[in-house]
Amino acid sequence: PWIPLYPIKFFSKNDFIIENCLIDSGADISAINYEFGIEIGLQKEEHDYIFQIEGIGGTIDYILKRIK
């Protein structure tokens, strides 16, 4: 089956990383995992709230951020 994976360039302060990402043009938000967020320079700020989401595989913590 066809999966809409496309190379996306993520910029950090001093560099960039290209990763193949699943593109869902109808999605309200996009998610990246913690390790990749750290790799591109994201950090948990003092004012960030940790949410939880639950699915078949269990529960996972997440932080909602707006990035450009």
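Contact here means heavy atoms within 4.5 Å. This is a predicted model, in which local features need pLDDT of at least 70 and side-chain atom pairs count only at pLDDT 80 or more, while totals for chains, interfaces and linings use all residues. Residues are numbered from 1 along each chain as its sequence is written, and side-chain values use heavy atoms, with hydrogens and water left out.

**View 1. Ile40 and its contacts.** Let's start with Ile40: leaving aside residues up to four places away in sequence, Ile40 touches Phe10, Phe11, Ser12, Ile17 and Ile32. Two of these names, Phe10 and Ile17, return in the next view.

**View 2. The largest nonpolar core.** A nonpolar core is a set of buried Ala, Val, Leu, Ile, Met, Phe, Trp, Tyr and Cys residues joined through side-chain atoms within 4.5 Å. Buried means under 20% relative accessible area, exposed means over 50%, and partly exposed lies in between (1.4 Å probe, protein chains only). Here the largest such core has 5 residues: Phe10, Ile17, Cys21, Phe36 and Ile40. In soluble globular proteins, nonpolar side chains tend to be buried together.

**View 3. The whole chain, for orientation.** Helices (H or I, at least four residues) and strands (E, at least two) are DSSP runs, numbered from the N terminus. The protein chain has 1 helix and 4 strands, and along the sequence they follow the pattern β-β-α-β-β. Its C-alpha atoms fill a box of roughly 35 × 35 × 20 Å, taken along the principal axes. Of the 68 residues, 12% count as buried. Among contacts between residues at least 6 apart in sequence, 9% join residues at least 24 apart.

View 4. Ile29, Tyr49, Phe51, Ile53, Ile60, Tyr62 and Leu64 make a nonpolar surface patch of about 730 Å². Strand S3 (50–55) and strand S4 (58–63) are the elements that give two or more residues to this patch. Patches are made of residues with over 30% relative accessible area and no salt bridge, with like charges joined within 9 Å and nonpolar side chains (Val, Leu, Ile, Met, Phe, Trp, Tyr) within 5 Å. Accessible areas come from the Shrake-Rupley method with a 1.4 Å probe, and for residues only the protein chains shown count as cover. One patch member, Tyr49, lies in the loop between helix H1 (34–39) and S3; at 56% relative accessibility, Tyr49 counts as exposed.

View 5. Asp48 sits in the loop between H1 and S3 and, at 12% relative accessibility, counts as buried. A salt bridge is a side-chain nitrogen of Lys or Arg within 4 Å of a carboxyl oxygen of Asp or Glu, and by this rule the count comes to 1. The side chains of Lys65 and Asp48 form it at 2.7 Å, N to O. Lys65 lies in the segment after S4 and Asp48 in the loop between H1 and S3, so the pair ties together parts that are 17 residues apart in sequence. Lys65 is partly exposed, at 34% relative accessible area. The side chain of Asp48 also reaches the backbone nitrogen of Glu45 at 2.7 Å. Not counting residues up to four places away in sequence, Asp48 touches Gln43, Ile63 and Lys65.

**View 6. Trp2, in the segment before strand S1 (5–11).** Trp2 is exposed, with a relative accessible area of 67%. From C-alpha to C-alpha, Trp2 and Glu45 are 38 Å apart in space and 43 residues apart in sequence.

How values were computed. A polar contact is a pair of N or O atoms within 3.5 Å; within protein, one must be able to donate a hydrogen and the other to accept it, and residues adjacent in sequence count only if both atoms are side-chain atoms.
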